[in-house]
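Reader: Hi! Could you walk me through this model with me asking as we go? I'd like to begin with the aromatics.

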Amino acid sequence: MEPNHLEKLMAECLQCKQCSNCCSLLAKSGQSPLDMTKRGITLYEALSCSLCGACETVCPKRLSPKQLFLARRREAVKSGEIDSAAYRYLLPDRKNNIMNAYRSYYGIDYSDVNSFSHAETCFFPGCTLMTYSPNLTRAIYERLKDSCGCKGVWTECCGKLLDQIGLQERVKDFRSCLQGFVQEHNIKRIIVACPGCYYELQDVFQACDVIVQTVYEVIDFAKQEQSDNRQYTVHDSCPDRFAGIFGSQVRQALKQCGFSTREMAHTQMNTICCGSGGQLSHFRPELVEELVKLRQQEVRETNADVLVGYCLNCVLKYDNYSSEIPVTHALNLLLGLQDDYKGGKARLEKMFSGSDGEKRWEEIIAD
């Protein structure tokens with residue numbers, strides 16, 4: 001944990017346990033963040049935190065207990081308690097990662113739109129969107145070309161995953177590569193569709209002469225009305241809970257296009273994590289199911305017909321669990337496109353079935 005976070009928590013934690021009311025991990029511990037800091041965070045606890053930040057929103061002192069758990073992950077990587085090689089199939093700084101393998105296997109290719117000659121403005125779709133929803137990715141790009149002269153799709157990861165696993169040194173190297181890329185190609189503006197990428201890249205490029213914007217502030221969705229008679233409810237993504245930029249822009253765009261929305265009990269700053277945060281799916285998958293069921297119950301209570309997400313990670317997470325209420329991405333609605341991410345889990349399983357699938361997996365995890 002960075003000294004300023006630790007010192008602030010040690011000095012200012014009121015032990016009011018308000019954070020325990022919004023976090024099952026803290027509630028089950030029965031201790032305040034101050035008490036947990038004094039006795040030390042276990043690795044099991046560190047890997048059980050989704051790093052969603054809900055604890056920080058309710059803290060009267062705006063302390064960030066999630067930093068305790070993230071710091072413990074970093075320590076565990078350094079000490080060897082976490083074998084980071086076991087997760088190498090995920091790591092974006094390796095060519096042989098599962099996202100690249102998926103796109104290669106299914107022929108998803110952006111080589112026709114990722115040349116950056118004179119491309120001062122580019123689209124950064126993020127790993128999940130460009131991998132599991134190529135049709136939506138290309139549709140967004142076409143609109144961006146018309147809206148702001150966007151001239152390329154940057155098929156790179158933002159690198160947030162490295163930090164969530166605790167690979168702090170590799171985060172620094174990865175960020176340097178991103179900064180070097182924009183300098184080499186004279187990129188001045190990056191348009192993003194993913195809230196996780198947006199806040200990560202804001203941080204990466206804060207010292208550079210690069211503007212990071214959302215697709216919702218660049219594309220004029222009001223030009224075409226897409227409304228129907230159904231009721232929608234918006235799931236807010238954790239990275240957006242503090243600034244609320246995506247949440248407000250998506251709701252405004254839906255309203256302009258005539259979509260009727262209803263709010264769930266926990267929205268915007270108080271949103272519930274879908275289970276994608278902090279790589280919980282890989283560390284504690286049973287907790288993901290608890291979070292999904294909790295959210296699905298809130299959706300039912302709104303009597304909405306459709307759950308809408310603006311982070312494809314969240315959308316895929318809810319889509320993987322059966323529910324009578326369908327889920328879709330906000331941009332599918334706003335651009336009038338059918339979903340193309342359905343069945344992603346089955347397609348992933350197909351990649352690794354049979355003897356050819358075993359060889360493919362061996363190639364991915366090879367050093």
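Author: Happy to. This is a predicted model, and a search of the whole structure finds 14 aromatic pairs.

Reader: How is the pair of Y216 and F221 arranged: stacked, edge-to-face or tilted?

Author: Y216 and F221 make a tilted pair, with 6.0 Å from centre to centre and 40° between the planes.

Reader: And is Y216 buried or exposed?

Author: Y216 is buried, at a relative accessible area of 8%. F221 also counts as buried, with 2% relative accessibility.

Reader: Which aromatic cluster has Y216 and F221 in it?

Author: One cluster is formed by Y198, Y199, Y216, F221, F246 and Y310.

Reader: Nice. Switching to strands: what does β2 pair with?

Author: Strand β1 (residues 121-124) is joined to strand β2 (residues 189-192) by 4 bridges, and these strands run parallel. β2 also pairs with strand β3 (residues 211-214), again through 4 bridges in the parallel sense.

Reader: Where does V192 sit in that pairing?

Author: V192 in β2 stands opposite F124, and its bridge partner in β3 is T214. From β2 the chain crosses through helix α12 (residues 195-204) to β3, in a right-handed β-α-β crossover.

Reader: Good to know. Now T128: which helix is it in?

Author: T128 belongs to helix α8, which covers residues 127-132. T128 is buried, because its relative accessible area is 10%, under the 20% cut-off.

Reader: What is T128 in contact with, leaving aside neighbours within four places in sequence?

Author: Those contacts of T128 are M99, S133, L312, N313 and L316.

Reader: And how far is the C-alpha of T128 from that of C194?

Author: The two C-alpha atoms are 8.8 Å apart, while T128 and C194 are separated by 66 residues along the chain.

Reader: What about C59?

Author: C59 is in no disulfide either, as the nearest cysteine sulfur, in C16, is 6.2 Å away.

Reader: Last one: are these two cysteines buried or exposed?

Author: C59 counts as buried at 12% relative accessibility, whereas C23 counts as partly exposed at 22%.

Technical notes
Residues are numbered from 1 along each chain as its sequence is written. This is a predicted model: local features need pLDDT of at least 70, side-chain atom pairs count only at pLDDT 80 or more; totals for chains, interfaces and linings use all residues. Side-chain values use heavy atoms; hydrogens and water are left out. Buried means under 20% relative accessible area, exposed over 50%, partly exposed in between (1.4 Å probe, protein chains only). A disulfide is a pair of cysteine sulfur atoms within 2.5 Å. Helices (H or I, at least four residues) and strands (E, at least two) are DSSP runs, numbered from the N terminus. Contact means heavy atoms within 4.5 Å. Two strands pair if DSSP finds at least two bridges between them. A crossover is right-handed if, with the strands pointing away from the viewer, the path from the first strand over the helix to the second runs clockwise. Rings of Phe, Tyr and Trp (its six-membered ring) pair if their centres lie within 6.5 Å; planes under 30 degrees apart count as stacked, over 60 as edge-to-face and the rest as tilted.
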